[in-house]
Amino acid sequence: MEASEMEGRSFMQAISEKYSPENFPCRRGPGMGVVVVPSGPQGSPMKDRLNLPSVLVLNGSGISHAGEEGEIAAFCAHVVELDLSHNKLQDWYEIRKIVSNIPNLAFLNLSSNQLNDAVLDPGCAKALSGIRRFVLNNTQVSWDTVHTFTREMPELEELFLCLNEYTTVTPAAVPCPTLRLLHITDNSLHEWNEVRKFGSMFPALDTLVMANNNLSSIHDSGEILQRLFPNLRSINLHNSGLKQWEDIEKLNFLPKLEEVRLQGIPLLQAYTSMERRSLIIAQLPSVTNLNGSVVTDGEREDAERFFIRYHLDYSEEELPHRYHCLVTKYGKLAPLAEIDLRPRCHAKVEVRYEDKVEQVNIRLDQTVADLKKQLKPVVQLPTSKMRLYYIDKGTAFGPDELKYSALALHSYSIQDGDEILVVPKKK
């Protein structure tokens with residue numbers, strides 16, 4: 001037995017321990033259960049002693065090698081998903097022994113296995129030819145290894161290459177026509193010249209997730225972007241280093257783009273959250289989902305109108321191209337009137353008593369009782385002898401008696417120029 005095999009467990013040992021009847025009993029009746037592999041003439045005598053689901057999760061199980069290939073074939077014929085992340089696999093030949101004996105496998109996760117020094121030949125890669133979703137996060141696999149897989153995996157649709165310390169991208173000699181999703185977050189792809197290589201490598205790319213790469217800008221012209229990414233529907237640029245609105249505008253040249261994620265970029269730091277969302281929506285007319293939220297027709301119209309008003313004070317040279325498009329659509333909009341909805345604090349009213357009229361400033365947050373105290377020196381009456389009437393000069397209605405001593409004056413909607421009539425109480 002090789003040293004690497006002695007250091008860790010085999011794939012079959014890990015399965016036997018995790019999915020033994022004692023640790024993973026078969027459940028009958030209602031509730032969650034597992035798929036039990038049916039017995040058959042080609043089976044192993046151990047077959048009836050394991051209850052294996054079609055999705056095997058063996059992460060962190062200390063697996064370094066495959067074990068008996070015949071047993072893998074006997075037990076795993078029905079398995080469609082396999083998670084081998086955080087194990088001790090360092091050899092593609094051992095991985096080939098496992099995968100080549102699982103004929104229906106469509107998803108394989110090899111994240112956080114030390115595969116950076118593992119040598120891959122096309123024969124090993126062919127063993128993975130039926131896999132559609134392949135996860136190689138934090139494996140530090142080389143681009144040559146990635147290209148060998150993409151050549152030999154004719155059904156590959158989703159590829160995960162996060163946390164692999166990539167600073168550059170090595171172009172592929174042969175494109176991968178089936179790949180639709182590339183997840184390459186948490187690398188160091190700062191330059192657009194590296195990112196643009198994905199266009200020729202993956203011509204059918206639908207979704208590009210490259211958050212946390214600190215991409216500095218998007219250099220290509222609109223014509224080139226259109227040609228490079230003709231099918232890109234979704235892009236994630238969270239925590240990139242984009243600093244110019246021109247970079248956001250260029251996303252409009254991606255002909256099928258509908259979904260964008262753009263949080264945490266330097267360009268947006270100076271804006272409020274409402275301004276960020278509105279300005280981006282207005283800049284990207286074809287985007288129907290921003291940062292995970294659907295953009296409704298009403299929100300789009302509000303954002304586009306906001307965009308016009310936001311740029312009203314800009315000089316002609318500073319105005320973005322999108323401003324002129326939106327003015328053509330809505331016309332030049334006037335600034336919104338600023339309406340102060342706070343209750344007014346004071347009013348200047350005419351206080352009338354018998355044949356005397358006096359201008360008095362009153363506080364509207366005080367009560368009727370407080371107003372009587374304020375008017376006591378003006379009309380020379382004790383508060384207990386006063387009856388107050390409010391006359392709204394703006395209406396034809398008659399006087400409204402201020403009967404309730406504890407009621408605040410702003411309840412009566414008193415305005416400047418209105419009248420307070422003071423009448424002495426009769427004995």
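View 1. Asn214 has a relative accessibility of 43%, so Asn214 counts as partly exposed (buried is under 20% relative accessible area, exposed is over 50%, and partly exposed is in between, with a 1.4 Å probe and protein chains only). This is a predicted model, where local features need pLDDT of at least 70, side-chain atom pairs count only at pLDDT 80 or more, and totals for chains, interfaces and linings use all residues. Residues are numbered from 1 along each chain as its sequence is written, and side-chain values use heavy atoms, with hydrogens and water left out. Asn214 sits in the loop between β9 (207-209) and α9 (222-228) (helices are DSSP runs of H or I with at least four residues, strands are E runs with at least two, and both are numbered from the N terminus). Asn214 isn't a glycine, yet its phi is positive, at about 55°.

**View 2. His86 and its positive phi.** Look in the loop between β4 (81-83) and α4 (92-99) to find His86. Here's another residue other than glycine with a positive phi, near 55°.

**View 3. Where α11 meets α12.** Helix α11 (residues 273-283) packs against helix α12 (residues 297-310) at an angle of about 100°, and their axes are 8 Å apart (axes are lines fitted to C-alpha atoms over the stretch in contact, and angles run from 0 to 180 degrees between N-to-C directions). The two helices, α11 and α12, are therefore roughly perpendicular (that is, 65 to 115 degrees). On the α11 side, the residues in contact include Met274, Leu279 and Ile281, while α12 brings in Phe306, Phe307 and Tyr310, among others (contact means heavy atoms within 4.5 Å). Sorted by type, the contact has eight nonpolar, two polar and five charged residues (Ala, Val, Leu, Ile, Met, Phe, Trp, Tyr, Cys and Pro are nonpolar, Asp, Glu, Lys and Arg are charged, and the others, Gly among them, are polar).

**View 4. The largest cavity.** The structure holds two cavities of 30 Å³ or more (a cavity is a set of points on a 1 Å grid over the protein atoms alone where a 1.4 Å probe fits but cannot get out, and lining residues have an atom within 4 Å of a point). The largest has a volume of about 50 Å³. Its lining includes Trp192, Phe229 and Lys250, and splits into nine nonpolar, no polar and one charged.

**View 5. The second largest cavity.** This one has a volume of about 30 Å³. Val351, Tyr353, Lys356, Val357, Glu358, Val378 and Val379 line it. Strand β15 supplies the largest share, three residues.

Definitions and conventions: Parallel < 35°, antiparallel > 145°, perpendicular 65-115°, else oblique. 1 Å grid on protein atoms, 1.4 Å probe; cavity = no way out; pocket = protein on both sides within 12 Å on 5 of 7 lines; lining within 4 Å. Points joined across faces, edges and corners; volume = space filled by probe spheres on them.
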